Amino acid sequence: MSEQTQSIASLSAQEKRALLAQLLKKKLKDAKTSFPLSVGQQALWFLYQLAPESAAYNMASTVRIRSQVDLVALRAAFQALVDRHPMLRVTFRVQDDKPVQEVHNEQSIAFQSIDAASWSEDELAQRVLVESRRPFVLEEGPVLRVALFTCAAEDH
């Protein structure tokens with residue numbers, strides 16, 4: 001057994017996890033981050049170039065939560081999604097006259113908590129619709145946004 005192998009073998013499980021995390025972060029920083037667009041992404045880019053203010057490519061989903069919400073935990077859950085899925089950390093740009101996707105190593109979740117306690121149901125529905133139609137800026141990102149409208153302590 002080599003000296004390095006013996007050294008690693010003598011580490012605790014926690015130290016091994018920390019070493020692995022450090023090695024993976026280094027590998028991630030050294031990894032290629034620009035890639036050609038898929039066919040679907042090319043279609044998205046084409047539509048975006050025609051009308052960047054359009055929400056035609058937005059995919060919105062609304063959910064009503066009728067219980068208390070731990071904002072810190074909810075934000076952390078969405079951040080974990082972004083951290084885990086490189087596609088949620090992508091921006092688009094032109095390189096050598098061709099569109100490419102740039103995968104970023106890190107990106108903070110676009111999460112906003114909005115106090116809607118004084119709004120009527122109609123106003124809430126209108127504001128949710130407006131938020132869902134807000135265009136994305138594909139060159140800047142992010143490509144995922146979360147808006148939590150709080151109507152009451154147990155109604156989001």
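I call a residue buried when its relative accessible area is under 20%, exposed when it is over 50%, and partly exposed in between (1.4 Å probe, protein chains only). This is a predicted model, so I note that local features need pLDDT of at least 70, side-chain atom pairs count only at pLDDT 80 or more, and totals for chains, interfaces and linings use all residues. Residues are numbered from 1 along each chain as its sequence is written, and side-chain values use heavy atoms, with hydrogens and water left out.

**Rings.** I looked up ring pairs: rings of Phe, Tyr and Trp (its six-membered ring) pair if their centres lie within 6.5 Å, with planes under 30 degrees apart counted as stacked, over 60 as edge-to-face and the rest as tilted. By this rule I get 4 aromatic pairs. Trp45 and Phe92 have ring centres 6.0 Å apart and planes at 25°, so I log them as stacked. That pair joins distant parts of the chain, 47 residues apart, with Trp45 in helix α3 (residues 39-50) and Phe92 in strand β2 (residues 90-95). Helices (H or I, at least four residues) and strands (E, at least two) are DSSP runs, numbered from the N terminus.

Buried or exposed, I wondered about Trp45? Trp45 counts as buried at 9% relative accessibility, and Phe92 is buried at 3%. Next I checked Tyr48 and Tyr57, an edge-to-face pair with 6.1 Å centre to centre and 75° between the planes. Both Tyr48 and Tyr57 are buried. Ring pairs tie Trp45, Tyr48, Tyr57 and Phe92 into a cluster.

**Helix α3 again.** I also found Leu47 in helix α3. At 45% relative accessibility, Leu47 is partly exposed.
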